[in-house]
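Visitor: I have a model on screen and some labels to question. Can you take me through the reasoning behind them?
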Amino acid sequence: MPTTTRRNRGSGRDMAALLSDFGHDLPTIPTLAPEAKEPRIFKYAPRRGAARRGRGWAPASAPAQAWRMTSDQAPVFWPFVSAPALPPTGAQMGVDQLSGGSFYCDPFGWVLRDDVPATNPNIFQFAKPGSGKSGTTKAFCTRMMPFGYRTLVTGDVKDEYESLCRALGVEPFVIAPGFWARVNPLSMGPLGDGWEKLSAEEAQRRATIIFKRWLVLVRGLVGSMKIDDERRVPFGPDESDVVRNALAILTGYAAGNTVLQETTIPRLWDLLRNPTEELVRACEYANPRVFLDETRLLRNALGELVTGTLAGLFDDFTNIEVDWRAPIQSFSLSRLDGLGDEAVGIALLCMNSWGRGLREIAEPGDLRIVVRDEVWKQMRLGTAAVASFDADLRLSRGMAGKGGDIQFCNLHKPSDLLSVGDADSQAAMIAKDLLELADIKILGAQKPRVARELDSMLGLGPIAQDLVSGWAMQDKGRALWCIGDATYKVQTVLHPLEKKLYYTNEAIEAAL
């Protein structure tokens with residue numbers, strides 16, 4: 001049998017040729033040209049770098065590390081990854097420098113959304129003078145007006161809102177000695193209307209709210225008076241009981257009157273100086289002489305306010321009618337500047353209490369932005385004044401079901417909150433806690449030292465510190481917006497007409 005070699009096995013006729021001899025042809029497979037590959041957009045360098053001059057070639061490959069994290073954590077580890085964009089609702093404030101899109105501010109809208117880390121609508125703004133703090137505040141107020149918000153400036157210390165008020169057809173009120181406008185901080189407000197038609201339960205509820213507001217005010221006023229350089233007039237449970245009973249007698253609530261009578265601080269002072277048997281008995285003192293001895297500091301503090309600081313300002317019944325339907329209302333306190341910071345702080349305390357009384361019964365949908373400038377002047381009045389400010393901030397969220405108040409508080413630096421006393425004092429602790437009542441914080445231009453103070457209170461981190469003390473210092477309106485634990489790098493943009501309307505350096509130009 002012949003031997004078959006590899007060469008013989010590789011030659012011969014294939015299956016296609018054999019089938020062709022019998023008239024059958026196999027189908028042929030068409031040959032396709034290979035598809036052209038798209039050019040690469042990026043040409044990746046080798047891990048050791050390109051082996052060419054100046055291309056960073058290294059003899060050893062760089063170690064690669066793998067990290068796993070959420071999208072919320074990534075911006076902290078890698079600062080060039082911006083936080084998720086906020087919804088485009090509310091006032092369009094400017095440009096988000098990290099995302100390149102528009103930045104919108106909608107405090108109540110944020111509170112109602114689960115994807116935005118804000119639980120209250122209050123705003124704290126920290127920025128050095130001349131950095132655009134006032135422009136940002138006014139821009140927010142005017143741009144929220146189309147959404148139904150009105151603005152209330154309870155104390156315009158520098159007359160910065162006069163031009164804005166007049167541009168909107170509103171004449172601001174002036175609170176100063178020698179002017180006709182009077183505001184009674186012990187006004188009952190809307191809660192005192194229709195008292196004779198109320199049920200016993202509703203009358204009791206309203207009386208509790210009214211007397212509580214009055215006690216907070218009187219405690220702040222009395223606590224602002226100093227015994228000496230280190231001590232202030234105490235206002236404890238005994239003083240609180242005396243004031244509560246005196247106010248109940250003056251208003252007729254103690255006698256069960258169907259219509260309460262409005263009273264004033266001078267009338268309260270006069271009753272404490274000349275106590276009736278009803279007051280002495282209600283306060284459980286043995287006789288009028290004991291009453292006068294035990295309430296001497298309280299009387300003297302109220303007397304100092306009536307005859308000194310408050311003389312001609314808040315010692316009579318309110319004689320102004322406020323149009324709450326107007327887009328803005330402002331109360332000028334600039335003419336009190338010559339009386340000192342303490343007098344301005346007391347005026348702010350009275351105005352804030354009066355404004356709170358007028359907002360205790362708000363109509364559904366009555367949305368308002370309450371602007372508070374020069375907050376530090378009220379902070380320096382002591383623990384009781386800080387507690388009054390704290391009550392205003394807490395009121396905002398409680399009113400969300402009726403009307404709605406956004407407290408917009410302007411300060412220069414975090415130490416403004418700590419000027420109430422020693423670092424470990426009760427007032428300082430309350431002031432620090434105020435930051436927890438504002439989930440929206442606007443951090444404008446600051447010196448490096450102040451930026452470090454903000455970091456110690458808010459936990460900003462080194463990148464945010466550098467932005468506040470560097471980037472924000474280079475132009476007006478630049479600030480970090482902290483919404484809960486998310487941070488946004490924002491440039492406020494003003495229209496040329498807004499720049500002219502919001503300009504606040506007329507006094508400096510006039511002096512030059």
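Guide: Start with a definition: a salt bridge is a side-chain nitrogen of Lys or Arg within 4 Å of a carboxyl oxygen of Asp or Glu. Keep in mind that this is a predicted model.

Visitor: Why is the pair Lys377 and Asp341 called a salt bridge?
Guide: The closest N and O atoms of Lys377 and Asp341 are 3.5 Å apart. The limit is 4 Å, so the pair qualifies. The two partners come from distant parts of the chain: Lys377 is in helix H14 (residues 375-379) and Asp341 in helix H13, 36 residues apart.

Visitor: Is Lys377 buried or exposed, and how do you know?
Guide: Its relative accessible area is 6%. Buried means under 20%, so Lys377 is buried.

Visitor: What makes Asp341 partly exposed?
Guide: Asp341 has 35% relative accessibility.

Visitor: How many salt bridges does the rule give?
Guide: The count comes to 16.

Visitor: Why does the pair Arg150 and Asp366 count as a salt bridge?
Guide: Their closest N and O atoms are 3.9 Å apart. The cut-off is 4 Å, so the pair counts. Arg150 sits in strand E4 (residues 149-156). Asp366 sits in the loop between helix H13 (341-358) and E7, and 216 residues separate the two. Both Arg150 and Asp366 are buried.

Visitor: Where is Arg368, and why is Arg368 called buried?
Guide: Arg368 lies in strand E7 (residues 367-372). The relative accessible area of Arg368 is 1%. The threshold for buried is under 20%, so the label holds.

Visitor: What lies around Arg368?
Guide: Setting aside neighbours within four places in sequence, the contacts of Arg368 include Tyr149, Arg150, Thr151 and Leu152. Trp324 and Arg359 are also among them, as are Gly404, Asp405 and Ile406.

Visitor: What makes the approach of Trp324 to Arg368 a polar contact?
Guide: The backbone oxygen of Trp324 is 3.1 Å from a polar atom of the Arg368 side chain.

Visitor: What about Arg166 and Glu171: what makes them a salt bridge?
Guide: Their side chains meet at 2.9 Å, N to O. That is set against the limit of 4 Å, so the label applies. Arg166 has a relative accessible area of 44%. Exposed would require over 50%, so Arg166 is partly exposed.

Visitor: Turn to the strands. How do you know that E10 and E11 pair?
Guide: E10 and strand E11 (residues 486-492) share six bridges in the antiparallel sense. Pairing takes at least two bridges, so they pair. One example is Arg478, whose bridge partner in E11 is Gln491. Two residues lie between the strands of this hairpin, where Gly484 takes a positive phi near 65°.

Visitor: How many bridges join E9 to E10?
Guide: Four bridges join strand E9 (residues 440-443) to E10, and the strands run antiparallel. Ile442 has Trp481 as its bridge partner in E10.

Visitor: What makes E10 mostly covered?
Guide: Six of the six residues in E10 (residues 478-483) are buried. In a regular strand the side chains alternate between the two faces of the sheet. Arg478, Leu480 and Cys482 are buried on one side of E10, and Ala479, Trp481 and Ile483 are buried on the other.

Visitor: Why do E1 and E2 count as paired?
Guide: Four bridges join strand E1 (residues 91-96) to strand E2 (residues 102-105), antiparallel. At least two are required, so E1 and E2 pair. Val95 has Ser102 as its bridge partner in E2. This hairpin has five residues between the strands, and Gly100 takes a positive phi near 85°.

Visitor: Which residues make the nonpolar surface patch of about 290 Å²?
Guide: Met15, Leu18 and Leu26 make that patch. Leu26 is in the loop between helix H2 (15-21) and helix H3 (74-77). Its relative accessible area is 47%.

Conventions. Residues numbered from 1 in each chain as written. Predicted model: local features only at pLDDT ≥ 70, side-chain atom pairs only at ≥ 80, totals over all residues. Heavy atoms only, no water. Buried < 20%, exposed > 50% of the residue type's maximum accessible area, 1.4 Å probe, protein only. Polar contact = N/O pair within 3.5 Å; in protein donor to acceptor, adjacent residues only side chain to side chain. Contact = heavy atoms within 4.5 Å. Patch = residues over 30% accessible without salt bridge, like charges linked within 9 Å, V, L, I, M, F, W, Y side chains within 5 Å. Areas by Shrake-Rupley, 256 points an atom, 1.4 Å probe, with all protein chains shown as cover.
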